[in-house]
Amino acid sequence: MSLLTTRQLSVAEAFESLVRGALPIRFTAYDGSAAGPPDAALGLRLTSERGLSYLLTAPGDLGLARAYAAGDLELEGVHPGDPYPALRELKQVRFHTPGPAEMMALLRSLGVAHLVPPRPPPQERLPRWRRTVEGLRHSRSRDARVIEHHYDVSNRFYELVLGPSMAYTCAVFPHERSTLEEAQAAKFDLVARKLDLQPGERMLDVGCGWGGLAMHAAREYGQQVLAVTLSPGQAEWARQAVAQAGLSDQVEVRCQDYREVTESGFDAVASIGMLEHVGVRNYAPYFEHLRERVRPGGRLLNHCITRPHNRRTETGAFIDRYIFPDGELTGVGRIIVAGQDSGLEMQHAENLRPHYARTLAAWGSNLREHWDACVAEAGLATAKVWGIYLAGSRLGFELNDIELHQVLFTRTEPDGSGGFGLETHW
């Protein structure tokens, strides 16, 4: 349908006019109009004029997120805790950008008043350029606020979504029937084997989360572990878990910036799900700092989300405002280069992309199963945002929009010793 018409368009007609090809879902609007297959199992419902204003003033994922979090946009035919089927269908929808004449016709039909942006939902963070009041990007003060925003939602909320392991990183599924808990234990053990942990040695765990890897290394491999996180909520939960496990004499948990760790001589350093928060331009000083923490001949393993290319890219507006403020990603190539340029020897790299898609599916299933408790703990809007975040991320890993790499380095000595032996597998 062309927008170049003198008659008033309904909301659904205006929406359909911007779609290339056929709609795979049913779209309905507050004015009673509809588009798409009447018998579609999945639907998108715009419930208010405010929702329309959100969509028009912030086209793309940010406007959709605002309308959805505020309750002005609903996904029909799916559970809000696991809306993956709807997002998979919506991924197929392609829009075209209207020209000036089409845009004017669209605004005449829908009303220029909708170009006034409504107040964003309270769950939304300030845009990047306005966060300078919190310090420069990736300064210690600003990083602390960012981590608190994401990780201190509620420890109980994370318990419900992540399960007993409290591991908020990619699991490793040994086989198709593995449970999430089995897969997270397998991930911890894979990291331990790659780091060649030996009884009585010392390990540094930066970005330790709720302490799962630190406790595994202490309990199963006899390690003395220093574990650091910027999240006060994580640190307190981890300390209690360590004490309950009887590991307080082996694991120290600090609420501390990794840049403030001055101890050195660690036999192994683990960085799991940490580099995403560091910033691509800070990779060099990051790896240089960690290299100084590990002894000559020791090992460092970095585990983080990556791109299928090596360009520096910021996360999308939805992820930046609602989930991971200041997050940046790039490809495994730049991570390897940064590690090598800091004086580390790269020994092994592995892409676990399919495992993260499966991990996210399990988290989404947990959110759906414990939906009422999650809503009671964090609020309806936050729970809904997490539903689309987990489902959208799962789709991203399935489509190779994002990847997950483990890269193993050694601090090889100048004479070439202290690197790898003849290992070829784990």
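Is E398 buried, partly exposed or exposed? E398 is partly exposed, with a relative accessible area of 34%; here buried means under 20% relative accessible area, exposed over 50%, and partly exposed in between, for a 1.4 Å probe and protein chains only.

The model is predicted: local features need pLDDT of at least 70, side-chain atom pairs count only at pLDDT 80 or more, and totals for chains, interfaces and linings use all residues. Residues are numbered from 1 along each chain as its sequence is written, and side-chain values use heavy atoms, with hydrogens and water left out.

Helices (H or I, at least four residues) and strands (E, at least two) are DSSP runs, numbered from the N terminus. R394 is buried, at 18% relative accessible area.

Salt bridges that share partners also link R66, E124 and R321 into one network. Select these three residues together to display the network.

The charged end of R394 sits over the ring of Y84, 3.6 Å from its centre. The criterion is that NZ of Lys or CZ of Arg is within 6 Å of the ring centre and within 35 degrees of the ring normal. R358 and F173 provide another example, with the charged end of R358 over the F173 ring at 5.6 Å from its centre.

The model contains 17 salt bridges by the stated rule. Select R156 and E159, whose side chains meet at 3.1 Å, N to O. These residues are 3 apart in helix α7, so about one helical turn lies between them. R156 is partly exposed at 42% relative accessibility, and E159 is partly exposed at 25%.

Next, select E236 and R239 in helix α10 (residues 232–244), which are 3 residues apart and thus separated by about one helical turn. The closest N and O atoms of their salt bridge are 3.8 Å apart. E236 is partly exposed at 38%, as is R239 at 36%.

How many aromatic pairs does the count come to? The count is 15, where rings of Phe, Tyr and Trp (its six-membered ring) pair if their centres lie within 6.5 Å; planes under 30 degrees apart count as stacked, over 60 as edge-to-face and the rest as tilted.

Select Y158 and W210, a tilted pair with 4.7 Å between centres and 45 degrees between planes. Y158 lies in helix α7 (residues 155–162) and W210 in the loop between β7 (202–206) and α9 (212–221), so the pair ties together parts 52 residues apart in sequence. Y158 is buried at 0% relative accessibility, and W210 is buried at 2%.

Move to Y168 and W363, also a tilted pair, at 5.4 Å centre to centre and 50 degrees between the planes. Y168 is in the loop between α7 and α8 (180–194) and W363 in helix α14 (residues 353–369), so this pair ties together parts 195 residues apart in sequence. Y168 is buried at 10%, and W363 is buried at 1%.

Finally, select F157, Y158, Y168, W210, Y356, W363, W386, Y389 and F397, which form one aromatic cluster.

Technical notes. A salt bridge is a side-chain nitrogen of Lys or Arg within 4 Å of a carboxyl oxygen of Asp or Glu.
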